[in-house]
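Look at the model first, then read on.

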Amino acid sequence: MRYAIIGGGAAGCALAWHLTQNGHQVVVYERWNGLGGLASEIPFGKTSLDRFYHHIFTSDRHVLAFAEMTGLSDKLRWCDSSVGFEHQGKLYPFTTPKDLLTFSPLPFLSRFRVGLAVLRMRRRESYADLESVTAEDFIIREMGESAYRVLWEPLLRSKFGDSYREVSAVWFWGKIKLRGGTRSKKGGESLGYMKDGWAQIYQRMGEAIQRRGGEFRFREIVKRVSRTPEGLSVKTRSSEDVYDRVISTPSIPSFLEIAEGLPEDYRSQLGRVRYQANVCLALGLKHAISPYYWLNVTHPESPFVAVIDHTRLFDDPDYGESRPVYLSRYLDADHPYYSMRQPELIDTFLDGLEKIFPRFSRDWVETVEASKAEFAQPVIGLHYSKQKPAFTTPIEGLYLCTMAQIYPEDRGMNYALKTAEELLLELGEIKRLSA
Ligand SMILES: Cc1cc2nc3c(=O)[nH]c(=O)nc-3n(C[C@H](O)[C@H](O)[C@H](O)COP(=O)(O)OP(=O)(O)OC[C@H]3O[C@@H](n4cnc5c(N)ncnc54)[C@H](O)[C@@H]3O)c2cc1C
């Protein structure tokens, strides 16, 4: 069968990997010049770094399976994570249960209440009754008002911007459960990183796909997919080809833009899926800046919501003299930061960094790479199981395999790989998931 896959991110690579293994003719269209999508890389020192920060959890079995299948398991490192929490300009450790019990911005009893609620959430298996409850109502009910205002409201706001009050308790539960499952023996968090960056997995998958006869069309943006008497036509600026099946992996808005002939009710149903964008600076600094790998920044005036001091998780002599540090901000795509010119954006973020770390000086900055993604995180609202798009579409042979189909878990590389395999299972192309 002739397959076209739109997008060379984790999902597109997993689809092409299996389909070429089954002897199908596969063409992958990718608008950028390489594989990995949101998990693609930038050069850093003598090696590469993720464009957007990425780590995995011990439960991310599909990433582990693909690392194994591509011969990259020996580059995986499990590292002790450390988390900090900025509250009213002061930094607090927030990694272990002991850190929670000594977290002074919360009243003493409230800290216990949070700890007990987190334990209950980790043990919870079913989420059906959480579908009709917002994260806000759920947290207030389970942990109390002060825990919500001090801890969780700023975190929800930092991830979902103005939409934070619509987020479902299911999303919150999924997040707590996932992180709870990735504990080290000391009670801290154990996170996985791949030396030289995650994009290698997708590059290795790409090499195998090509060896099996698959084709990549880089820097080709799919402009239109439509049904013709001969099959499904995929049109870019420079080509038009016909396939038996087409699988679209980019966001829902991108799909709606290119798919022709979709019924109006289906379009409006899909159009309800909303996303948050992300703006991320990857800095190369002369010195370490934060005592933590991951610092949640809750100050309302901070331009970013997290400082990720990568070498606090994984250090590599190949980074050279510079230390990679990310500054990340989730936002609506119509927020001024999203369209701000790079020099102004960098200036604004560095101003924010000076406020949190007064000893930071701009002459520490050796390199800066600014990246943005318009569709970085779907907003998971109430009853999302009813909104979640199906793999099949009203156009025969045209399938969706995208981040917005990941539920109840939060989106991530692991679930992009898994969702791709679930679609292939449905199409009868594989008999079981690889993990
Ligand atoms: C800031 C940030 C931090 C993250 N941190 C983590 C983390 O720590 N751990 C983790 O596991 N995950 C993390 N993720 C999520 C992870 O990156 C994604 O879930 C995963 O990479 C999504 O893969 P995908 O293939 O579904 O989508 P994408 O990676 O978005 O791939 C879609 C591809 O389609 C291409 N494309 C789009 N439109 C067209 C078109 N018209 N024609 C041709 N090509 C097109 C795009 O260029 C892209 O390559 C993070 C994401 C962000 C934004």
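**Strands, helices and a ligand shell**

In this predicted model, strand 1 (residues 2-6) and strand 2 are paired in the parallel sense over 5 bridges.

Q: What makes strand 1 and strand 2 count as a pair?
A: Pairing requires at least two bridges, and strand 1 and strand 2 have 5 bridges. They therefore pair by this definition. One of the bridges links Ala4 to Val27 in strand 2.

Q: In what order do the strands of the open sheet of 5 strands lie?
A: The order is 9-2-1-13-19, with parallel pairing.

Q: Why is one side of strand 9 and of strand 19 left without a neighbour in the sheet?
A: Strand 9 (215-218) and strand 19 (398-400) are at the edges, and each has a single partner strand, so one side of each has no neighbour in the sheet. From one strand to the next, the twist averages 20 degrees.

Q: Which residues of helix 5 and helix 7 meet?
A: Ala135, Phe138 and Ile139 in helix 5 meet Ala169, Trp171 and Phe172 in helix 7. The residues of this contact are 6 nonpolar, no polar and no charged.

Q: How many residues surround the ligand, and which are the closest?
A: There are 36 residues around the ligand, and Gly7, Gly9, Gly37, Pro250 and Gly412 are the closest. The shell divides into 20 nonpolar, 13 polar and 3 charged residues.

Technical notes:
Residues are numbered from 1 along each chain as its sequence is written. This is a predicted model: local features need pLDDT of at least 70, side-chain atom pairs count only at pLDDT 80 or more; totals for chains, interfaces and linings use all residues. Two residues are in contact if their C-beta atoms, placed from the backbone, lie within 7 Å. Helices (H or I, at least four residues) and strands (E, at least two) are DSSP runs, numbered from the N terminus. Ala, Val, Leu, Ile, Met, Phe, Trp, Tyr, Cys and Pro count as nonpolar, Asp, Glu, Lys and Arg as charged, and the others, Gly among them, as polar. A residue is near a molecule or strand if its C-beta atom, placed from the backbone, lies within 6 Å of it. Axes are lines fitted to C-alpha atoms, for helices over the stretch in contact, and angles run from 0 to 180 degrees between N-to-C directions.
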